[in-house]
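Subject: Structure handover

Hello,

Here is the structure I promised to pass on to you. Please open it next to this message and have a look as you read.

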Amino acid sequence: MTDENGPAVIVDLCRLPNPEAIDRTTFVEFGGVEQFVSIRGRDTRNPVLIVCHGGPALPSLPSSWIWQRAVEDYFTVVNYDQRASGRSAAGAHDGMDLSVERYVEDLEELIAWLRHELGVSTVGVLGHSWGTIIGLTLAERRPDLLWAYIGVGQVISGPENEAESFGFAMRSALTDGNEQAIAELQSLGEYPGTQPLTIERIVTCRRWAQHYGGLSAYRSDFAYFTDAAGLSPYYTTDERALIGVGQQVTMPHVLPALLSFDARAKTSFAVPMLQFLGRHDWTTPTAPVERWIDEVSAPSVDVVWFENSAHLCMFEEPGKFVVSLVDLALPHAPSA
């Protein structure tokens with residue numbers, strides 16, 4: 001095998017050749033913006049599960065080949081590149097509405113489209129990181145559309161997340177005697193504090209939290225995640241370049257909404273709630289989620305701890321991830 005035919009092997013691996021399968025990609029207009037949608041599954045009779053990706057503007061589809069294939073045995077999995085993200089970034093422009101409200105409305109429109117295209121009445125939504133803000137807001141607002149909501153790396157309080165992440169990074173650096181990390185973190189002053197929470201300040205905090213395993217447990221290097229798009233069977237080289245374009249467009253607008261998000265008072269839901277928590281997650285720290293979930297009222301509430309994961313439990317513990325979905329999410333889905 002050569003470097004040249006390695007991606008071709010992944011393309012072949014990800015084919016769904018059986019006649020009951022679905023593997024469809026298309027662009028659909030939501031909120032006046034063309035957005036890229038992928039629908040994949042082994043059997044069209046399986047329930048629909050939408051993956052609402054994180055970032056902001058970090059689409060899940062390019063790296064999904066690592067972990068998603070087993071999920072496709074039990075669910076029809078829908079990935080979509082949110083407005084100004086990934087392959088949808090080709091239509092990004094100044095003045096585009098990048099409010100949380102608009103992202104939630106896009107998800108509502110996606111569900112309406114899927115109900116028509118696939119003939120389903122409800123869907124599951126799996127939000128990851130930034131995507132949990134969109135998914136949780138929809139779960140509170142439109143439970144009639146969902147058979148369950150699954151949060152992975154749930155955001156509950158943006159300010160609390162920053163404080164928790166900084167505390168972990170500083171404790172780890174002090175224990176390690178890492179003078180560079182200590183100096184850079186101390187340069188942030190009180191964090192997040194009252195100073196403007198600039199991208200530069202956030203990157204400094206996150207860089208050291210992730211260095212000590214806050215993104216991928218026990219790892220300071222997580223190239224398997226960041227470089228996975230380079231082997232993606234779903235994106236060309238030019239399309240991969242759009243990921244960076246989308247991040248540049250969205251970060252200045254979306255990051256303030258992410259950091260100011262506060263769902264601590266949102267505790268009443270009319271849809272089953274599941275939380276998948278990485279024990280070592282210091283990217284979206286779990287302490288705020290633990291405090292919140294104790295107050296949540298819903299038809300059912302399940303929490304799964306991934307003991308050897310941080311923020312990427314679908315990559316870090318893929319077997320436990322799919323088993324947890326099958327055991328705890330699938331029973332809520334409508335039968336074929």
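First, the ground rules. This is a predicted model, in which local features need pLDDT of at least 70 and side-chain atom pairs count only at pLDDT 80 or more, while totals for chains, interfaces and linings use all residues. Residues are numbered from 1 along each chain as its sequence is written, and side-chain values use heavy atoms, with hydrogens and water left out.

**The chain as a whole**

The protein chain has 11 helices and 8 strands; these are DSSP runs numbered from the N terminus, helices being H or I with at least four residues and strands being E with at least two. Its C-alpha trace spans about 60 × 55 × 40 Å along the principal axes. The radius of gyration is 19 Å, which agrees with the value near 20 Å that a compact globule of 336 residues would have. (That radius is taken over C-alpha atoms, and the globule rule is 2.2 Å times the number of residues to the power 0.38.) Of the 336 residues, 55% are buried, where buried means under 20% relative accessible area, exposed over 50% and partly exposed in between, with a 1.4 Å probe and protein chains only. If you take contacts (heavy atoms within 4.5 Å) between residues at least 6 apart in sequence, 75% of them join residues at least 24 apart.

**Two helix pairs**

For the packing angles, axes are lines fitted to C-alpha atoms, for helices over the stretch in contact, and angles run from 0 to 180 degrees between N-to-C directions. Angles under 35 degrees count as roughly parallel, over 145 as roughly antiparallel, 65 to 115 as roughly perpendicular and the rest as oblique.

Helix H2 (residues 100-118) packs on H3 at about 65 degrees, with the axes 9 Å apart, so the two are roughly perpendicular to each other. (Ala, Val, Leu, Ile, Met, Phe, Trp, Tyr, Cys and Pro count as nonpolar, Asp, Glu, Lys and Arg as charged, and the others, Gly among them, as polar.) Thr-137 sits in helix H3 (residues 130-141) and is buried at 11% relative accessible area. Leaving aside residues up to four places away in sequence, Thr-137 touches Val-104 and Phe-261.

The axes of helix H4 (residues 158-176) and helix H6 (residues 199-211) come within 8 Å and cross at roughly 50 degrees, which makes H4 oblique to H6. This crossing is left-handed. On the H4 side the contact includes Phe-166 and Phe-168, and on the H6 side Ile-202 and Trp-208.

**Backbone details**

One joins Gly-55 and Pro-56, with omega about 0 degrees; Pro-56 is in the loop between strand E3 (48-52) and strand E4 (76-80). Another runs from Tyr-191 to Pro-192, with omega near 0 degrees, and Pro-192 is in the loop between helix H5 (179-186) and H6.

Ala-84, in the loop between E4 and H2, has a positive phi near 60 degrees without being a glycine, and is buried at 0% relative accessible area. Ser-129, in the loop between strand E5 (123-128) and H3, has a positive phi of about 60 degrees and counts as buried at 10%.

Best wishes

Methods:
Left-handed = near helix turned anticlockwise from the far one by under 90°.
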